[in-house]
Amino acid sequence: SVALVGYTNAGKSTLFRAMTGADAYVADQLFATLDPLVRRVQLPGGTQVVLADTVGFIRELPHELVAAFQSMLTEAREATLLLHVVDASSPALAEQTVEVERVLAEIGAAGIPQI
């Protein structure tokens with residue numbers, strides 16, 4: 001299983017939509033994805049994977065919201081591989097990447113292989 005993870009508005013749902021053909025909601029807003037979407041995808045070469053689109057991470061997310069998002073973050077915690085999606089044009093790319101890594105550690109997903 002592969003979970004798309006990353007900062008909010010990095011393009012996770014857009015990539016998920018392109019890879020799966022699913023009608024995933026895409027918008028330029030915080031927390032456009034509130035429910036994880038999961039689809040089976042066949043990769044080039046024939047390998048089948050389950051791909052999950054997850055909620056975006058954000059800096060200084062209040063602990064109450066982290067607790068509320070725990071069920072949505074299960075997809076990331078239980079994945080075999082994390083595909084960390086970044087917005088390379090973001091002026092805050094380095095800070096956003098560090099924040100995603102911090103949240104992954106907080107939810108117990110830091111040890112999962114990541115691309």
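How far does the backbone oxygen of Leu4 lie from a polar atom of the side chain of Thr54? The distance is 2.5 Å. A polar contact here is a pair of N or O atoms within 3.5 Å; within protein, one must be able to donate a hydrogen and the other to accept it, and residues adjacent in sequence count only if both atoms are side-chain atoms. Thr54 sits in the loop between β3 and α2. Thr54 is buried, its relative accessible area being 0%. Buried means under 20% relative accessible area, exposed over 50%, partly exposed in between (1.4 Å probe, protein chains only).

**Model and confidence**

This is a predicted model: local features need pLDDT of at least 70, side-chain atom pairs count only at pLDDT 80 or more, and totals for chains, interfaces and linings use all residues. Residues are numbered from 1 along each chain as its sequence is written, and side-chain values use heavy atoms, with hydrogens and water left out. The pLDDT is the predictor's confidence in each residue, from 0 to 100. Its mean over the chain is 82, and 75% of the residues reach 70 or more. Helices (H or I, at least four residues) and strands (E, at least two) are DSSP runs, numbered from the N terminus.

Where pLDDT is low, predicted coordinates should not be read in detail.

**The sheet**

Four strands make an open, mixed sheet in the order β2-β3-β1-β4. Strands β2 and β4 are at the edges with a single partner strand each, so one side of each has no neighbour in the sheet. The twist averages 30° from one strand to the next. Strands β1 and β3 run parallel, joined by three bridges. Pairing requires at least two DSSP bridges between two strands. Ala3 stands opposite Ala52 in β3.

**The helices**

Helix α1 packs on the sheet and touches β1, β2, β3 and β4; its direction makes about 150° with that of β3. Contact means heavy atoms within 4.5 Å. Axes are lines fitted to C-alpha atoms, for helices over the stretch in contact, and angles run from 0 to 180 degrees between N-to-C directions.

Which residues of α1 (residues 12-20) are buried? They are Lys12, Ser13 and Phe16. They share one side of α1, because they cover an arc of only 90° around the axis. The arc is that of the directions from the helix axis to the C-beta atoms. After α1 comes Gly21, with a positive phi near 75°.

Helix α4 (residues 93-106) lies across β1 and β4, at about 150° to β4.
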